[in-house]
Amino acid sequence: MSETYGWVPEGVDITVPDASRVYDYALGGVHNFAVDREFWHRAEEAFPGAGLVARANRAFLGRAVRWLADAGVRQFLDIGSGIPTLGNVHEVAQEANPDARVMYVDIDPIAVQQSRSLLEGNPYARVIEGDLRDPEGILYHPDVLRLLDFSEPVAVLTVAVLHFVPDAADPAGILKRLGDAMVSGSFLVMSHAGPDATPEGRALQEQVRKLYERTPTPVIIRDPEAVEALFPADFELVAPGVVSATYWHPDPDEADESPQPTALVAVARKR
Ligand SMILES: C[S@@+](CC[C@H](N)C(=O)[O-])C[C@H]1O[C@@H](n2cnc3c(N)ncnc32)[C@H](O)[C@@H]1O
C-alpha cells in the first residue's frame, strides 16, 4: 500500500531512503516512510551498533551546544540540522540563554518544513534550505544575515553531515570558507563517521556504507587524522581533540555508555 502524507513537500521522492528520515527513525521520530524504516532495519542488521552510534552522536550535539553556551557563544549556525527531534539546538541553546540565535540549514525539504513549523513564533530561531557544499549560499542568505551577526563569535555546527561530502567536493575547503567568515573566538563543531575499531567491525560497517550508496547521500568514512585535517589551520582543537562521541565532555550520567569509535567528534576554536 502506498503512503500519502499531507506534510510531504512537493517533489520529495519517498520511494528512495533519505539520510534525514533514516536518522529521524533511528532516533525514534515519526517523519519517515516504509522505505526509510526498512533501510534502517537492514543497516542495524548489518551493523548492530548503528543505533548506539546515532544516539551517541545526538547526545554529543546537546553537550557541545551546552558547552558552547557556557563558553559564552550566543549564535549558532547548524548545517545539516536534520528533522527536529529530541534536544534540538535552539532548545538547548535558548535554555541556557533565551536570546541565543539559531539558524538551521538542511538540504532536505522535509527537514526544513518540519523545522519551520516547530520554530513558528520563535523570533531567534530560523531555518533555510541550503547546501553545505555552497557555503556562500548559506553565509550570504538574507535570512542568515538578518539573524546572525558575523562580527561576533558564531558556532558553526556540521554534525553528522560532512561524511556526506566526498573529497571531490573539497570538505576542507568548505570549512575554510566558513571559517574565513567567522571572527576570532568562533567555533566549528563536527561529528563524522569513522572506522570501527576492529577488522570484523569494519567489514560490517562496509555493508552499511554500501547500503547508503542507495540514498541521495552516500557516506564517506574518514579516520581521526583525516577528520582533524578537515579543520582550517587557524582553528585549534578544544580538549580532548578528535575522539569517540561518548568521550567528549561526558555527562556523569552518560559515563557508562560504551564508546562508539564510528562516531568521531571534535570542537575547534578560531584563534
Ligand atoms: C544524520 S542527519 C544529522 C542531523 C543533526 N545534525 C544531528 O546530528 O543530530 C544528516 C543531515 O544532513 C543533511 N545533509 C546531507 N547533505 C547535506 C548538504 N550537502 N547540505 C546540507 N545538509 C545536508 C541531511 O538531509 C540530514 O538531515
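This note walks through a predicted model, point by point, for someone opening it for the first time.

1. Ground rules. Residues are numbered from 1 along each chain as its sequence is written. Because the model is predicted, local features need pLDDT of at least 70 and side-chain atom pairs count only at pLDDT 80 or more, while totals for chains, interfaces and linings use all residues; side-chain values use heavy atoms, with hydrogens and water left out.

2. The side chain of D106 places a polar atom 2.7 Å from a ligand oxygen. An N or O atom in the side chain of R58 is 2.8 Å from an oxygen of the ligand. With I107 it is the backbone that takes part: one of its N or O atoms lies 3.4 Å from a ligand nitrogen. On its own the ligand has 600 Å² of accessible area, and the protein covers 97% of that. Such areas come from the Shrake-Rupley method with a 1.4 Å probe; for residues, only the protein chains shown count as cover.

3. Helix 3. Helix 3 has 21 residues and reaches 30 Å from its first C-alpha to its last, close to the 30 Å expected at 1.5 Å a residue. The expected span is 1.5 Å times one less than the number of residues. Of its 21 residues, 16 are buried, and helix 3 is mostly covered. Buried means under 20% relative accessible area, exposed over 50%, and partly exposed in between (1.4 Å probe, protein chains only). After helix 3 comes G72, with a positive phi near 100°.

4. Helix 2 and its covered side. Helix 2 (residues 34-46) has 13 residues and should span 18 Å, which agrees with the 18 Å between its end C-alpha atoms. Its buried residues are V35, D36, F39, W40, A43 and A46. They lie on the same side of helix 2, because they cover an arc of only 135° around the axis, taken from the directions from the helix axis to the C-beta atoms. An α-helix has 3.6 residues a turn, so residues three or four places apart point the same way.

5. Have a look at D36 in helix 2: its relative accessibility is 0%, so it counts as buried. The D36 side chain reaches the backbone nitrogen of F33 at 2.8 Å. The side chain of R21 also makes a polar contact with that of D36, at 2.8 Å. R21 lies in helix 1 and counts as buried because its relative accessibility is 1%.

6. Backbone points to check. Most residues other than glycine have a negative phi, and most peptide bonds are trans. Where is A160, which has a positive phi of about 55° although it is not a glycine? A160 lies in the loop between strand 4 (155-159) and helix 8 (171-180). D170 is found in the loop between strand 4 and helix 8, and its phi is positive too, near 60°. D170 counts as partly exposed because its relative accessibility is 43%. The peptide bond from A239 to P240 is cis, with omega near 10°; P240 lies in the loop between strand 6 (235-237) and strand 7 (243-244).

7. An exposed loop residue. E120 lies in the loop between helix 5 (109-119) and strand 3 (125-129). Is E120 buried or exposed? With a relative accessible area of 67%, E120 is exposed.

Notes:
Polar contact = N/O pair within 3.5 Å; in protein donor to acceptor, adjacent residues only side chain to side chain. Helix = DSSP H or I, 4+ residues; strand = E, 2+ residues; numbered from the N terminus.
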